[in-house]
Amino acid sequence: AGVTSAEAALEGARAGIVGADASVQSAVAAIESVKAGIVSATAAVAGAQQNIAKLQITAPFGGLLNQDTAELGSLLQPGVLCAEILQLDPIRLVGFVAEGDVDKIKPGALAGARLTSGQEVRGTVSFVSRSADETTRTFRVEITVANPDLTIGDGQTAEILVAADGRAAHLLPQSALTLDDNGTLGVRTVDPGNVAGFAPVTLIRDTVDGVWVGGLPDQADIIVVGQEYVIDGVRVDPTWQEAKG
């Protein structure tokens, strides 16, 4: 009877241990559930904070408010335009270059521009497209110019000049240009012995001060008045004047 009582007590103890283990597992499960609830609550708080942050709209860069399309309190959907911001400093000037000249322009080259108002600004080449426009066959060139006082507005027209490798040229009055019997553009010259001659030239650029031409030697005596009345080999009695510039 004593052995039987001891065995019964042992079985009771084992049952108590199993019950205790079940209680521990239940407690652990409860703790994990609480942790999951905390994580869920934390995520909910973070989501709420993000939604609150969206109540204040900020631009990704500093600039000027050009126009606003939304009123205070309006309900906006993601991707809907609410305002237009202009960043004018620095400002980007855009021009298009003919395919024959695009190889002369390099990123980082100095550039200048004259606005329709007469204002002149300077900057550097920041972009040269390597893909021509399908319609005009020209290449896009962008110039970055400092605009701290915001005097240059978006959409203004400008004449852009870009520095490139130089070449020798002469500035002459446009009236000095003439054609020979073959239709070649050139100028009449005074050759050694005061004999009239003809030198072909290439027109580089036309300006208000005259035309820049290439193809002449570094020093040349050009007939600027009366060149239409002489031919090659005719002796002339020139009246000299100093070149301008």
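**Exercise 1. Identify the partner of Leu 203 in β13 and describe how the two strands are arranged.**

*Solution.* In β13, Leu 203 has Val 213 as its bridge partner. The model is a predicted one, in which local features need pLDDT of at least 70 and side-chain atom pairs count only at pLDDT 80 or more, while totals for chains, interfaces and linings use all residues. Residues are numbered from 1 along each chain as its sequence is written, and side-chain values use heavy atoms, with hydrogens and water left out.

Step 1. Strand β12 covers residues 202-207 and strand β13 covers residues 210-214. Strands (E, at least two residues) and helices (H or I, at least four) are DSSP runs, numbered from the N terminus.

Step 2. The two strands run antiparallel and are joined by 5 bridges; two strands pair if DSSP finds at least two bridges between them.

Step 3. With 2 residues between them, β12 and β13 form a hairpin.

**Exercise 2. State how many helices and strands the protein has, and in which order they run.**

*Solution.* Step 1. The protein contains 1 helix and 13 strands.

Step 2. Read from the N terminus, the order is α-β-β-β-β-β-β-β-β-β-β-β-β-β.

**Exercise 3. Locate Gly 63 and list its contacts beyond four places in sequence.**

*Solution.* Step 1. Gly 63 belongs to the loop between α1 (2-53) and β1 (64-68).

Step 2. When neighbours within four places in sequence are left aside, Gly 63 is in contact (heavy atoms within 4.5 Å) with Ile 85, Leu 86 and Gln 87.

Step 3. The C-alpha atoms of Gly 63 and Leu 86 are separated by 5.3 Å, although the two residues are 23 residues apart along the chain.

**Exercise 4. Describe the salt bridges of Arg 114 with Glu 120 and Glu 159.**

*Solution.* Step 1. A salt bridge is a side-chain nitrogen of Lys or Arg within 4 Å of a carboxyl oxygen of Asp or Glu. The structure holds 7 of them. Side chains of opposite charge can pair when their charged atoms come close.

Step 2. Between Arg 114 and Glu 120, the closest N and O atoms are 3.3 Å apart. Buried means under 20% relative accessible area, exposed over 50%, and partly exposed in between (1.4 Å probe, protein chains only). Arg 114 is partly exposed at 37%, whereas Glu 120 is exposed at 56%.

Step 3. Arg 114 also meets Glu 159 in a salt bridge, at 3.4 Å from N to O. Arg 114 lies in strand β4 (residues 110-115) and Glu 159 in strand β7 (residues 158-162), so this pair ties together parts that are 45 residues apart in sequence. Glu 159 is partly exposed, with a relative accessible area of 46%.

**Exercise 5. Determine whether Glu 142 is buried or exposed, and name the network to which it belongs.**

*Solution.* Step 1. The side chains of Glu 142 and Arg 140 form a salt bridge, with 2.9 Å from N to O.

Step 2. Glu 142 is buried, with a relative accessible area of 11%; Arg 140, at 30%, is partly exposed.

Step 3. Through salt bridges that share partners, Arg 92, Arg 140 and Glu 142 are joined into one network.

**Exercise 6. Give the share of buried residues and the share of contacts between residues 24 or more positions apart.**

*Solution.* Step 1. Of the 245 residues in the protein, 21% are buried.

Step 2. Among contacts with a separation of 6 or more, 55% are between residues 24 or more positions apart.
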